[in-house]
Amino acid sequence: MLAWLSEHADRPHTLSGYRKEAERFLLWLSQRKQSLASLKREDVHDYQRFLAQPGSDWVGPSRARQHPEWKPFAGPLSPSSIRHALTILAALYRYLGDAGYLSGNPFALVKSRRTKQDSLPFERFLDAGAWQAVHQALAQLPEATPKERAHAARTRWLITLLYLTGARRSEVAGAVMGDIFTRRNRHWWRIHGKGGVLAEVPLNSELMDALARYRLSLGLGEAVHPAEETPLVCRLSALKPLGDKAIYLICKEVFRRAETCCHDEESRLSLRKASCHWLRHTSASHQLDAGVSLLMVSQNLRHASIQTTRRYLHSEHDARHEASQLHAFHGETEE
């Protein structure tokens, strides 16, 4: 299994996801006193049901892996997350079969049954009320001590960075300030993205001002130096990179604070569900609402297909809904 994971060492985000699913599966097998080779088709069904409803001793608050109170799950997995987990384990068994360690792959027999409900796009973005509450929560972060001031400065910079660039947390965790460069008096961020793809994302003046403020809070000069190795987001204790798990937890804490500032029930519900990836979707939605072209937003978010970006074009939904008002059951008809 370690050999299989090592095949993905050049893709840290993929490696992290694969390692998480493999560890969960091994822990489950260990509890049942089963080996990888002993797995049968009916065991796969059992594991599928387990993912949908893990026992209470498997579930806990999101913690760093090294934390003594770490648990494998934050809660039951959604149907799409279960499919994703089984796909990863099928790839593991396929690899072990190719290596001659196993003679069969019971996960290959799993049939994908997507329901119409599963295929509908899930609106994972923050509406105007929720977004206003996030701004309010950031403004109200405690700053009574040096540590609180450092945390507040970093949190504001992190949320600004994720929102204005639409970056993934794994892309932020692996970035250094030297990845920012200037071309024709304009600032760009060279991102090592999903699947190892290299991309360039434009940085506007608002983001560069936010970066300058964050650098000053770190005791650095405002200007970024070429090839500078300072992490784009640092730990509080040292100029070392912040891990993607810590980025996730910081965002969840901001959303928790924002929920207490929000009075609209629908907005509060979205904040309760939100993760840092919602900032990426919110960025896409707000760019499109502001009139940025679909093609440019797709390029900025580095979507493989422009149809992925189209899901956030809410103006199309609004126009379709407004058009429906023209169609009346009790309208006048010609005699």
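Modeller: Let us begin with aromatic pairs. Rings of Phe, Tyr and Trp (its six-membered ring) pair if their centres lie within 6.5 Å; planes under 30 degrees apart count as stacked, over 60 as edge-to-face and the rest as tilted. By this rule the count comes to 14 aromatic pairs. In one of them, the ring centres of Phe50 and Trp58 are 4.9 Å apart and the planes stand at 75 degrees, so this pair is edge-to-face.

Modeller: Before going further, a word on the basis. This is a predicted model, in which local features need pLDDT of at least 70 and side-chain atom pairs count only at pLDDT 80 or more, while totals for chains, interfaces and linings use all residues. Residues are numbered from 1 along each chain as its sequence is written, and side-chain values use heavy atoms, with hydrogens and water left out.

Biologist: Are Phe50 and Trp58 buried or exposed?

Modeller: Buried means under 20% relative accessible area, exposed over 50%, and partly exposed in between (1.4 Å probe, protein chains only). Phe50 has a relative accessible area of 10% and is therefore buried; Trp58, at 8% relative accessibility, also counts as buried. Both residues belong to a cluster linked by ring pairs, which also includes Phe25, Trp28, Tyr47, Phe73, Tyr93 and Phe107.

Biologist: Which aromatic pair is stacked?

Modeller: Trp157 and Tyr214 form a stacked pair, at 5.9 Å centre to centre and with 15 degrees between the planes. To place these residues, one needs the elements: helices (H or I, at least four residues) and strands (E, at least two) are DSSP runs, numbered from the N terminus. Trp157 lies in helix α7 (residues 146–165) and Tyr214 in helix α9 (residues 205–217), so the pair links parts of the chain 57 residues apart. Both Trp157 and Tyr214 are buried.

Biologist: What does the side chain of Thr155 reach?

Modeller: A polar contact is a pair of N or O atoms within 3.5 Å; within protein, one must be able to donate a hydrogen and the other to accept it, and residues adjacent in sequence count only if both atoms are side-chain atoms. Thr155, which lies in helix α7, reaches the backbone oxygen of His151 with its side chain at 2.8 Å. Thr155 is buried, with a relative accessible area of 1%. For contact in general, heavy atoms must be within 4.5 Å. Not counting residues up to four places away in sequence, Thr155 touches Leu138, Leu141, Ile250 and Val254.

Biologist: In what order do the strands form a sheet?

Modeller: Strands of a sheet pair through backbone hydrogen bonds, either parallel or antiparallel. Two strands are taken to pair if DSSP finds at least two bridges between them. Here three strands form an open sheet in the order β1-β2-β3, with antiparallel pairing. At the edges stand β1 (180–183) and β3 (198–203); each has a single partner strand, so one side of each is left without a neighbour in the sheet.

Biologist: How many bridges join the strands?

Modeller: Four bridges join β1 to β2, and six join β2 (residues 186–192) to β3. Arg183 has Arg186 in β2 as its bridge partner. Towards β3, Arg190 stands opposite Glu200, and the bridge partner of His192 is Leu198.

Biologist: What lies between β1 and β2?

Modeller: These two strands form a hairpin with two residues between them, and Arg184 in the turn has a positive phi of about 55 degrees. Asn185 is found in the loop between β1 and β2; its phi is positive too, at about 65 degrees, although Asn185 is not a glycine. At 75% relative accessibility, Asn185 counts as exposed.

Biologist: Where does a charge sit over a ring?

Modeller: The rule requires NZ of Lys or CZ of Arg within 6 Å of the ring centre and within 35 degrees of the ring normal. Arg183 lies over the face of Trp188, at 5.3 Å from the ring centre. Arg190 lies over the face of Phe181, at 4.2 Å from the ring centre.
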